[in-house]
Amino acid sequence: MISKLFDVPRRLPAGTAALLALMVVVMVSAMADSTMQPLPATAPGERFSAERALVHLKKFAAEPRPIGSPASGRARDYLAGQLRAAGLRVEIQRSVGARTAAGLATFGQADNIVGRLPGTGSTGTVLIAAHYDSAAMGPGASDDGAAVAAMIETVRALRDGPRPRNDIVLLMSDGEEDGVLGADAFVRGHPLGKAGGVLLNWEARGVSGPSLMFETSANNARLVETFVRAVPAPRGHSAMVELYRLLPNNTDFTPLTKAGFAGMNFAYIQRSSLYHTAGDSIANLNRGSLQHHGTNMLALARALGDADLRTLDSDHDVTYFRALGTMITYPGELVWPLAALAFTAVAGLALLARVRRLLSLPRLIAATVSAVVPLVLSAALAQGLWELLVAWRPAYDLMGGLLHRPGPYQAAIAVLCALAVLGWYLVLRRRFGPAAPAVGALFWLAGLGVLCAWVAPGASFLFALPALAGALGWLAAVLLRTPAWARTVAAMLGPITAAMLLPSLAGDVFDGMGLALGGASALVLTVFGLVLVPIAELFLPDPATRRERAALLLVPMTALLLTAALVASGLVVDDFDADQPQRTHLAYVMDAGTRTAHWVSADADPARWTRRYVSGHDTSKLPPGYARGTLWTGRAPAIAATGPRAAVLAHSEDTLKLHVRAGKGARSVTLRLDRPITHATASAGRYGSASVPVTGTRAGTWPSEIRFRGIPAQGVQITVRTPEADRIRLTVIGETDGLTAVPGFVPRPPHLVAATREDGDLTAVTRGYTLTRDSGSGTARSRPADEL
C-alpha cells in the first residue's frame, strides 16, 4: 500500500506546468495587491490628489514634532488654520491623557485638533482620526503625517461637492507615539469622544505599500460591506483583524473603540525599516501610498457621510479577503460549516484512499502527526538564521528585524521551509508511500481551519478553503475517468487556492513583524509547502529506487548551499550606508546634585561614531534608578542645567503627593521609584488631570515609573499609591530632545540614525531623593539622595 493517489504518463512536463501556474497565481496576486498611482495637482476637484496633499505635508512634516515640542505647536497651528480655512468649526482640546503598562504610568498634555463639518440631517458622527505628532527620532512623514495631510485634502474634496448628510468630525490627535495620550484625552474629556459614532482611523508602519484595512471593531459586517462597496481599491483581509486582536499593539483606534465607536483602522506597512527613524521623511514617502490612503478616506467619508448610520449595527463579523484582485466576503455563520466541510472532505479523501489500498490507517496517522516536524523545524531554522545574522552583524538587533533590504534573507527562509517540507516528505514517502503524507498534509490544513474557526474565525479561510479545494480536487482526480491532464488540473485546485492566499499572508507577516519573528512567516510558508507536496511528487523518482535515495542527499545539500548564497548576498545588498542607515542609541545623563555626567548607549556593538563617547559597561556611577538593561557608558562634560525638582506635598500611609518640575527647556519628566505603585494621578492645573491603575513592575530597572510628556513650565502634581513604606527612593529625570547642548558633541554621520529606543537622543538631567515619612505627624521629609 504505497501507491500514488494517481499518476500521469509525462510527469516532468506536468510538474513544470503546475509550477508555472503557481508562479503566475502568486505574481498576479501580488500585483493585484499593489498600491495606487498618485494623481497630480491638476486632477479634478472632486478627486483626491496626492500632490495636493503633499503641499500640506511639506508645511508641517519636515521636522520631528513630538508632543509638547515647539515643532508640535507649529504643526498644530498650521493644521488648525487649514481646517478653519476650509470652513470647519475648529477647537483645540487641551487636556491630560494617560496610559498604563506593567509598572508604568504615562501622562501627557495633549493638544487635540477637533474640526467639525455639520451634516444636513445627521444620523450620527463619522469620526476621521489620525495623529499629528511624530516620534522624537524622525519627522514622521508617513507616521502619521501622510494621513493628516490626506484629511485636509479630503475635507477640500468634500467641500467641493454636496454637503454630507451626517456630521463629519476630524480628530487630529496629539501624543499617540507616547501611548495614545491624545485619543485617551478625547474620550475622557470631549463631548464628541463620549457620543460615539463610526470611526475611520489612519496609521502607517512604514513608508510604502497599499493602504490596508487591518483592524475593525467587533460585529463588523455592515462596516466591511460599506468598505468593499465604496472603496475603489480595497486591500486587507479578516485574518489581519484576528491577528491584530491577539497582539499587544495599539493605536488611537483602541481607546476610541473602547469608548463606543465602531470603525475601521488603516495603515501601510512596507519599508518598515524606516519606521520611527529619521528616514520616515517626505523624500522616502511613496506617493502611491499617500494616494491610496486619501482615496480610501474620501470614498468612505462620502459613503458613510451619506448613509443612515443607524443601520450599520450588526451582530456578527464577516470573513473578507482578496483572490486574484476580487474581494470576497461571507458571513461569520459560514465559518464553521466551511471548516467542517473541509475536514469532512479530507476525511472522505482518506477513506477513498484506504478503500483503494493507497494507504493504511496507521500510516496516515503517523504521516499526519509527523507533519508537526517540518512546521517546528522551519520556525526553528528561521529564528536560528536571525540569531546568526545578529551575531554576524550586531547592529541588526536594534532594528528589531525590520531590515532595509530583507529580500535575500526572506528567500533564504523560504528555502529553509522548502527543505523542511521536502525532507519530511522524502523520508515519509519512502516508508509510507506518497499518498499518506499528501492526505496527512491536508488534514493539517483542515485542522487549522477548525482551530481558527474556534479561536480566530476571520482567519479560518486561510486553511479551510485550500483544504476543501485540495480534497475536492484530489477526489475528482482519483474518481473521474478523464485524461491525465484533466486530473492534474483537478489536483491543482488546492495548491492554486493556497497560492492565492498564503504567500501574500507570509509577505504581510514579514512586513509587519520582520525577521526577528521570522518563525511566524516560516510557519505560513511551511503550511503552504505542505499543500504543494503532490506537485513535488511529479519531479521525484519512484520510492525505494537508487535515484530516490540520491534525492535524499541532493535536496538538503542544494537547499543549504542556496541558503548560504542568499545569506551572503543579503549581507552585501543590506549593508549600511546613507540610503540604508544603521541605527545607534546614545543619550547624555547628568546627576544635577553631583554634577557628574555620562554618555550612555544600549547598542550591543556600538558603531565607531558611538564609541567616541562610550568605552565600557560600568554603570555604577550613573544616577540611582537610571540604568535599564545592559548599557555602555563613558564620561561626559557637565552642562549648565539646574535639572528637575520634586517637592513633597504629602506622604501618608500609602499615598505620596509630589509637585514636579522638569527644568528649564525640558519637554518631559520621568520619575522612577524603588517601590512598586498601584495607582497614579497627574494633574496639570487648568488642563485637567487623569488617573490610571498600575499593575506589575518594570523590567531591568527600578520597579515603577511615571512619565509626563509635554510637561508645562509650571510643573505638574503627581500622586501615587504604593504599599506603605517609611522610606522611598526617587529619581527624577528631566528630558530635553537632542544632544547638541553638550560641549564637544559631534552629530552622527549620514550612515547613522538615532535608534527608536525612547530614552535615546535625550539630554537627561536627574535629581535623586530619599523620602521618609514621619509616622507621628504623617508628614514627609525629603533630602537629595546625594547628601546621604
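Predicted model: local features only at pLDDT ≥ 70, side-chain atom pairs only at ≥ 80, totals over all residues.
Student: What does the secondary structure of the protein come to?

Tutor: There are 22 helices and 24 strands.

Student: Why is the protein called as compact as a globular protein of its length?

Tutor: The globule rule is 2.2 Å times the number of residues to the power 0.38, with the radius of gyration taken over C-alpha atoms. For 788 residues the rule gives 28 Å, and the protein has 29 Å; the two values are close, so the protein is as compact as a globular protein of that length. Along the principal axes, its C-alpha atoms fill a box of roughly 90 × 65 × 55 Å.

Student: What share of the contacts joins residues at least 24 apart?

Tutor: A contact means heavy atoms within 4.5 Å. Among contacts between residues at least 6 apart in sequence, 80% join residues at least 24 apart.

Student: What makes arginine 116 partly exposed?

Tutor: Buried means under 20% relative accessible area and exposed means over 50%, with partly exposed in between (1.4 Å probe, protein chains only). Arginine 116 has a relative accessible area of 31%, so it is partly exposed. This residue lies in strand 2 and, leaving aside residues up to four places away in sequence, touches Leu88, Arg89, Asp167, Ile168 and Val169.

Student: Why does arginine 357 count as exposed?

Tutor: Its relative accessibility is 51%, and therefore arginine 357 counts as exposed. Arginine 357 belongs to the loop between helix 11 and helix 12, and has a positive phi of about 60° although it is not a glycine.

Student: How is arginine 595 classed by its relative accessible area?

Tutor: At 36%, arginine 595 is partly exposed. Arginine 595 also has a positive phi of about 60° without being a glycine, and is found in the loop between strand 11 (587-591) and strand 12 (596-601).

Student: Why is helix 5 called mostly covered?

Tutor: Seven of the nine residues in helix 5 (residues 181-189) are buried. These are Leu181, Gly182, Ala183, Asp184, Ala185, Phe186 and Val187. What covers them includes strand 1 (89-101), strand 3 (125-131) and helix 9 (253-258).

Student: How do you know that strand 6 is mostly covered?

Tutor: Five of the five residues in strand 6 (residues 212-216) are buried.

Student: How many bridges join strand 6 to strand 7?

Tutor: DSSP must find at least two bridges between two strands for them to pair. Four bridges join strand 6 to strand 7 (residues 262-268), and the strands run antiparallel. Leucine 212 stands opposite alanine 267 there.

Student: Which strands do bridges join to strand 15?

Tutor: Seven bridges join strand 14 (residues 645-652) to strand 15, in antiparallel order. Six bridges join strand 15 to strand 20 (residues 716-721), also antiparallel. Histidine 659 stands opposite alanine 647 and opposite glutamine 717 in strand 20. In the hairpin of strand 14 and strand 15, with two residues between the strands, glutamate 653 takes a positive phi near 50°.

Student: What joins aspartate 143 and aspartate 144?

Tutor: A cis peptide bond joins them, with omega about 10°. Aspartate 144 is in helix 4 (residues 141-159).

Key. Residues numbered from 1 in each chain as written. Heavy atoms only, no water.
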